[in-house]
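Reader: Please take a close look at a single part of this model, the contact between chains. One connected account will do, with the cut-offs given along the way.

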2 protein chains.
Amino acid sequence: MVTLSNTAKSHLDEALSRSGLRSTRQREQIYAVLLKRRDHPTADEVYARAKEVMPTISLATVYNCLETLVECSLVKRLNYEREPSRFCPNDGEHAHFLDEVNGRVYDILLPEDFQESVTKILPDGFEVKKVKVTFTGYAPKGLDTNSL
Amino acid sequence: MVTLSNTAKSHLDEALSRSGLRSTRQREQIYAVLLKRRDHPTADEVYARAKEVMPTISLATVYNCLETLVECSLVKRLNYEREPSRFCPNDGEHAHFLDEVNGRVYDILLPEDFQESVTKILPDGFEVKKVKVTFTGYAPKGLDTNSL
DNA sequence: TTGATTTTTGGAATCATTCCAATTTACTTC
DNA sequence: GAAGTAAATTGGAATGATTCCAAAAATCAA
């Protein structure tokens, strides 16, 4: 029913219980879908993929689960302009690169010192909690969805 | 009717004609509204401010004009998550800082070499056209909406 | 097993934004 | 300056991703 490695499952369970939330079949399924093809799908795409394996799941549940996973910091929500949100199961700091031609998003590994060095740009008194970096342009051809 | 300095007006006219577009009262008004209070308003807020001075302007026109100004690179559209777009009349490269407490957005000046240095992060073969940097956190108190 | 709390579910509601067709306006050319 | 044409504005309807809701189902603790 769900395809989720043991390590992924315990990663999920820990994150959920850390937030006082329950592990459910649907949450596992959604997380599994995201891990299986790391191509930053939209909620609709996640819904379609989840239904193949769990035909009775509802779209509302997909939204709920995605939101939950984002809350637990297991998943990131990406927004490009006003397009539908996309979801990325890569916790860990990284940037994103949007290919203008094929519309794909690639994860970009950030150097260790990135956050602190970019933070130096800010005038005194600004206290940073998060930095988001997004590139747009052309990705090299023949690349999988993930360059990390 | 419209408050737009001569330099701002010619800036607008040039940008419009460069794109083969006409200068209209409404476009001038919208641009004037953005320049007057540089607080990154939403389309609705722009609409409200424009109506004070041009009561017959329509919301559709506000959307059209904003879109046009963005197309001419006079204005930037900002998106935070799925919130309504905000608009920034600061052409020129800069980052944005969103204050989590008061919801305000501050423009952040970027160093000259920023784009090229951040581009080095990318693996070979990625061709960058645009970099977007967004900070979230707490801005220093007692700051106007613009730190530039 | 029972009860209490979460979660899921389908459908309705929301709301920023876009679309549309009709009217008005801006820029030519005579 | 008048006429013609292409572009812009307008109000209202349509769209579409997402959220809300209240009822049913599932999970957890005792």
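Author: Over all chains, the count comes to 16 salt bridges, a salt bridge being a side-chain nitrogen of Lys or Arg within 4 Å of a carboxyl oxygen of Asp or Glu. The model is predicted, so local features need pLDDT of at least 70 and side-chain atom pairs count only at pLDDT 80 or more, while totals for chains, interfaces and linings use all residues. Residues are numbered from 1 along each chain as its sequence is written, chains are lettered from A and ligands numbered from 1 in the order in which they are written, and side-chain values use heavy atoms, with hydrogens and water left out.

Side chains of opposite charge can pair when their charged atoms come close. Six salt bridges are found across the interface of chain B and chain A. In one salt bridge between the chains, Lys129(A) pairs with Glu100(B), and the closest N and O atoms are 3.7 Å apart.

On the side of chain B that touches chain A, the elements giving two or more residues are β4 (105-109), α5 (114-119) and β5 (127-138) of chain B. Helices (H or I, at least four residues) and strands (E, at least two) are DSSP runs numbered from the N terminus. The most comes from β5(B), with twelve residues. Sorted by class, this side of chain B has 21 nonpolar, seven polar and ten charged residues. Here Ala, Val, Leu, Ile, Met, Phe, Trp, Tyr, Cys and Pro count as nonpolar, Asp, Glu, Lys and Arg as charged, and the others, Gly among them, as polar.

Strand β5 (residues 127-138) of chain A is joined to β5(B) by eleven bridges, and the two run antiparallel. Two strands pair if DSSP finds at least two bridges between them. Within this pairing, Lys130(A) stands opposite Thr136(B) in β5(B).

Now the extent of the interface. In contact terms, 38 residues of chain B meet 38 residues of chain A, where contact means heavy atoms within 4.5 Å. About 3,100 Å² is buried between chain B and chain A, and carbon and sulfur atoms give 61% of that area. Buried area is the accessible area (1.4 Å probe) that two parts lose on being put together, summed over both.

The symmetry comes next. Chain B is superposed on chain A by a rotation of 180° with 0.0 Å of shift along its axis, at an RMSD of 0.0 Å. The two copies are therefore related as by a two-fold rotation axis. In chain B, the C-alpha nearest the axis belongs to Val133(B), 2.4 Å from it. Both copies use the same surface, since 100% of the contact residues of chain B recur in chain A. The superposition is by least squares on the C-alpha atoms of residues with pLDDT of at least 70 in both copies.

Leaving aside neighbours within four places in sequence, Asn79(B) is in contact with Glu81(A), Arg82(A) and Ser85(B). With Ser85(B), the side chain of Asn79(B) makes a polar contact of 2.8 Å.

As for the chain around these parts, chain A has five helices and five strands, in the order α-α-α-α-β-β-β-β-α-β from the N terminus on. The C-alpha atoms of chain A fill a box of roughly 50 × 40 × 30 Å, taken along the principal axes.

Key: A polar contact is a pair of N or O atoms within 3.5 Å; within protein, one must be able to donate a hydrogen and the other to accept it, and residues adjacent in sequence count only if both atoms are side-chain atoms.
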